[in-house]
Each structure stands twice: as C-alpha cells, then as structure tokens.
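User: Please take me through this model by question and answer. I would like each answer to show how it was reached.

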Amino acid sequence: MSIIQCAACGAIVPHYDTVNTVSEGHGDRLLCTACFNREMAHHTGLDDFGEVKFKPVHLSDANGTVHEFHIRSLLFGDKLSLEAFDSTSEEEPSGYRFQIIGDPLSDQFVLLGKLIEKMRRLLAIAHVRDSDLGLQIVDETVRGRIEWDGFENSRRPCVVIDGRRVEWDELGRMLMPFEGWQFKLEVRDPSDEI
Ligand SMILES: [Zn+2]
C-alpha cells in the first residue's frame, strides 16, 4: 500500500485517502480527504459540514468471498459523495467500487446505510464465471466499470466486472458465444445504479 503526504496538513495517509486538486494560487496538490473536504466546505460556505471517519465495512459477494471496503466521503460543492472501494484494489484498476450521492448536511450514517444496501444488492449478482475456456458471461447482461489498462502510451481500456479486471481482448473473447446477436452499450455515471 503506498502512502502519501498531504500537501496541506502534512499527514501521511494511504493513497486511497487522497484527492488530486488543481487550484489557482496552489497549482497541483495532493490533499488528504479531510483537508480537501475542509477547503471545499470553506469555499462553498458549508461551515456546518462535519467530517465523519468511517470504519471499513466487510461484505461478501455472490460467491461468498468477503471483501473489505474502505469508505470515504468527499464534498463536491453542494453534494456529498460517499464511496466504498475494495481494499485490495487501491492502486490497480480492479475491485468493486460503489458510490452514492447525498446532501452534505444530512446524517452521513443514514447515507452510509443506503450505500451498504446498494452494495449488498449489487454484490449479490454474478455476471461472469470461470470455465474451462476461461471467463464466461453468465446471463445476457454484463455490468462493470471502464478503466484505463494502465500501460504507458496505451489508449485502451480494460473493464472491471464482479470486481475482477478483464482485459479488452478477453471481453471480446467472452462475447464470441453471442456472435450475430445484438447489443446495447450505455455508459452511466459512477453513482447510478445500473
Ligand atoms: Zn491534510
């Protein structure tokens, strides 16, 4: 796990607990979530906003594998984003991620409850399974997340399905049993439930 020093308060925090910011006067800075929220609250006049630190949450997926999720809240203007992400996927594009948007002045534990309900619903669905021929699509719908494949100079995506990184070519191979079928591709905001 990589650690980073916050450019404002000097705290040493894990990479997932940082936000890269660009602002006039300060340029590029990596801030800890707490400093980011404090500055955002100040700029938007939300002086009543209180930072809540959540403990990690453990939930199992459709295969019974237990995942540890880090939770963080990020203030974006008049919206609060509560995000949960797999602790095994802090740096590479893999692992489950969930997000919910709420009112920054509402009870953040109520919002956390809603996020956990959403996580349970989505974790209960398995879209892919292992087979002798590699990864296979279980049904006729696949939900996932688009990520960059991380190779230098690459403009190619990879996708994350059921918390697993799937390479672009692999996704193509997984679609071949459906040769001749139609498909519908919709891209949606990270906080939407699809
Ligand atoms: Zn800080």
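**Sheets, metal site and core**

User: What is the order of the strands in the open sheet of three strands with antiparallel pairing?

Analyst: This is a predicted model, in which local features need pLDDT of at least 70 and side-chain atom pairs count only at pLDDT 80 or more, while totals for chains, interfaces and linings use all residues. Residues are numbered from 1 along each chain as its sequence is written, and side-chain values use heavy atoms, with hydrogens and water left out. Strands (E, at least two residues) and helices (H or I, at least four) are DSSP runs numbered from the N terminus, and two strands pair if DSSP finds at least two bridges between them. On that basis the antiparallel order is β11-β12-β13.

User: Which residue of β13 stands opposite C158?

Analyst: Strand β12 (residues 157–161) has four of its five residues buried, buried meaning under 20% relative accessible area with a 1.4 Å probe on protein chains only, exposed over 50%, and partly exposed in between. Strand β11 (residues 145–148) is joined to β12 by four bridges, with W148 partnered by P157 and E147 by C158. β12 also pairs with β13 (residues 164–167) in the antiparallel sense over four bridges. There, opposite C158, stands E167.

User: Is D162 buried or exposed?

Analyst: Most residues other than glycine have a negative phi. D162, in the hairpin of β12 and β13 with two residues between the strands, takes a positive phi near 50°. N153, in the loop between β11 and β12, also has a positive phi, of about 65°, and counts as exposed at 75% relative accessibility. D162, by its relative accessible area of 15%, is buried.

User: Which are the protein donors of the zinc ion?

Analyst: Donors are N, O and S atoms within 2.8 Å of the metal (3.2 Å for Na, K and Ca), and since water is not among the atoms, sites may look incomplete. The zinc site is tetrahedral, with angles of 105 to 117° among its four donor atoms, the criterion being that all angles lie between 85 and 135 degrees. C6 lies in the loop between β1 (3–5) and β2 (12–14) and C32 in strand β4 (residues 27–32), so this pair ties together parts that are 26 residues apart in sequence. The donors, each an SG atom lying 2.3 Å from the zinc ion, are C6, C9, C32 and C35.

User: Which are the edge strands of the open sheet of four strands?

Analyst: The strands follow the order β5-β6-β7-β8 with antiparallel pairing, and the twist averages 30° from one strand to the next. Within this sheet, β6 (residues 66–76) and β7 (residues 79–86) are joined by eight bridges, and F76 stands opposite K79. Helix α2 (residues 108–123) packs on the sheet, touching β5, β6, β7 and β8, at about 140° to the direction of β8. Pairing on one side only, the edge strands are β5 (57–60) and β8 (97–102).

User: With which residues is M119 in contact, leaving aside its neighbours within four places in sequence?

Analyst: M119 is one of the core members that touch the most others. Beyond those sequence neighbours, the contacts of M119 are L59, F69, A84 and F98.

Technical notes: Axes are lines fitted to C-alpha atoms, for helices over the stretch in contact, and angles run from 0 to 180 degrees between N-to-C directions. Contact means heavy atoms within 4.5 Å. Four donors count as tetrahedral if all angles lie between 85 and 135 degrees; four count as square planar and six as octahedral if opposite donors are over 155 degrees apart and all others between 65 and 115; anything else is irregular. A nonpolar core is a set of buried Ala, Val, Leu, Ile, Met, Phe, Trp, Tyr and Cys residues joined through side-chain atoms within 4.5 Å.
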